[in-house]
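Hi everyone, thanks for coming. I'd like to walk you through a few residues today, so let's get the picture up on the screen.

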Amino acid sequence: MTLSKDKALNIAQVLSEALPYIQRFTGKTIVIKFGGNAMETEELTNSFARDIVMMKLVGINPVVVHGGGPQIGDLLKKIGKQSEFVDGMRVTDSETMDVVEMVLGGLVNKDIVSLINNNGGKAVGLTGKDGQMIMAKKLTISRNAPGMNAPEIIDIGHVGEVASVNTDVINMLVNSDFIPVIAPIGVGKDGASYNINADLVAGKVAEALKAEKLMLLTNIAGLMDKQGKVLTGLSPKEVDGLIEDGTIYGGMLPKIQCALDAVKAGVTSSHIIDGRVPHAVLLEIFTDAGVGTLITSENV
């Protein structure tokens, strides 16, 4: 079957538009956080896997960090354990942590590895405990309670934040032509496991690798202004202003803060992109328009 002239021209235009981006990013590292809505349909998961394989084939080094909150919730429900949240974070006792490790380090991680491998890539699954890649410290939440002189400290169990990232294992895999797929589980100095927010892990991994880009897949079109228009091409100063004037609030704040911190720490650009769009990763990297919000360091 021969392509129509219009379709042929369209394909040629897309390929020629991609060329300068391929040339620019060859040899560079891009950290992609995959999770939530982008995992929900077979079409989206397969398009994501093909995007990652394509990046590797054209000489870019993708590093995948994934979440798995809904899958953890489903398994906890099956074993009759109620999920409890404080400020959006899952309270994680020892039993829950066992489930988190089983789901993130086992089921979800190996599913993503298989997806990438089935689409022609060479992926290897890891958790942050492998090679002590992600050293964690316990996350504490404090709340100001009325009538109390000091804030109340709330213990949410095995929930951590990133203390440091050792990139040796990641670099070894990347240099051997593998694609690392990392589950966001860290290890404390005492050897205890910690569940860490996947966005935070992706941001800290991007910083440690001095990545070209951090890409956070989400379930909205991007960061929007008060009129609902997607904002892009933002500098850190502009993002700070949007936080101050209340344009960025609620559940979007931690994600944007993570993207902003990465850029301020030396990552060239951060992207909040719509994981519900098939091939969102390729569209954001290889087209002029992109499919989300770009935050870029001011000296680029």
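This is a predicted model: local features need pLDDT of at least 70, side-chain atom pairs count only at pLDDT 80 or more; totals for chains, interfaces and linings use all residues.

Okay, N195. You'll find N195 in strand β12, residues 193-195. Leaving out residues up to four places away in sequence, N195 touches T92, M97, V100, L104, H158, V159, G160 and P184. So is N195 buried or exposed? It counts as buried, because its relative accessible area is 13% and the cut-off for buried is under 20%.

Now, why pick that one? N195 is on a list: an unreviewed UniProt entry gives G68, G69, R90 and N195 under "binding site". Those positions are spread over 128 residues of sequence, yet they cluster in space, with a largest C-alpha distance of 12.0 Å.

Next from that list, R90, which sits in strand β4, residues 89-90. R90 is buried too, at 10% relative accessibility. Its side chain has a polar atom 3.1 Å from the backbone oxygen of G69, and G69 is also on the UniProt list.

Which side chain makes a polar contact with the side chain of S83? That's R90, at 2.8 Å. S83 is in the loop between α3 and β3, and it's partly exposed, with a relative accessible area of 25%. Beyond its close sequence neighbours, up to four places away, S83 touches G73, L76 and R90.

Key: Residues are numbered from 1 along each chain as its sequence is written. Side-chain values use heavy atoms; hydrogens and water are left out. Helices (H or I, at least four residues) and strands (E, at least two) are DSSP runs, numbered from the N terminus. Buried means under 20% relative accessible area, exposed over 50%, partly exposed in between (1.4 Å probe, protein chains only). Contact means heavy atoms within 4.5 Å. A polar contact is a pair of N or O atoms within 3.5 Å; within protein, one must be able to donate a hydrogen and the other to accept it, and residues adjacent in sequence count only if both atoms are side-chain atoms. UniProt positions are given in the numbering used here, feature names are shortened, and annotations may be inferred rather than shown by experiment.
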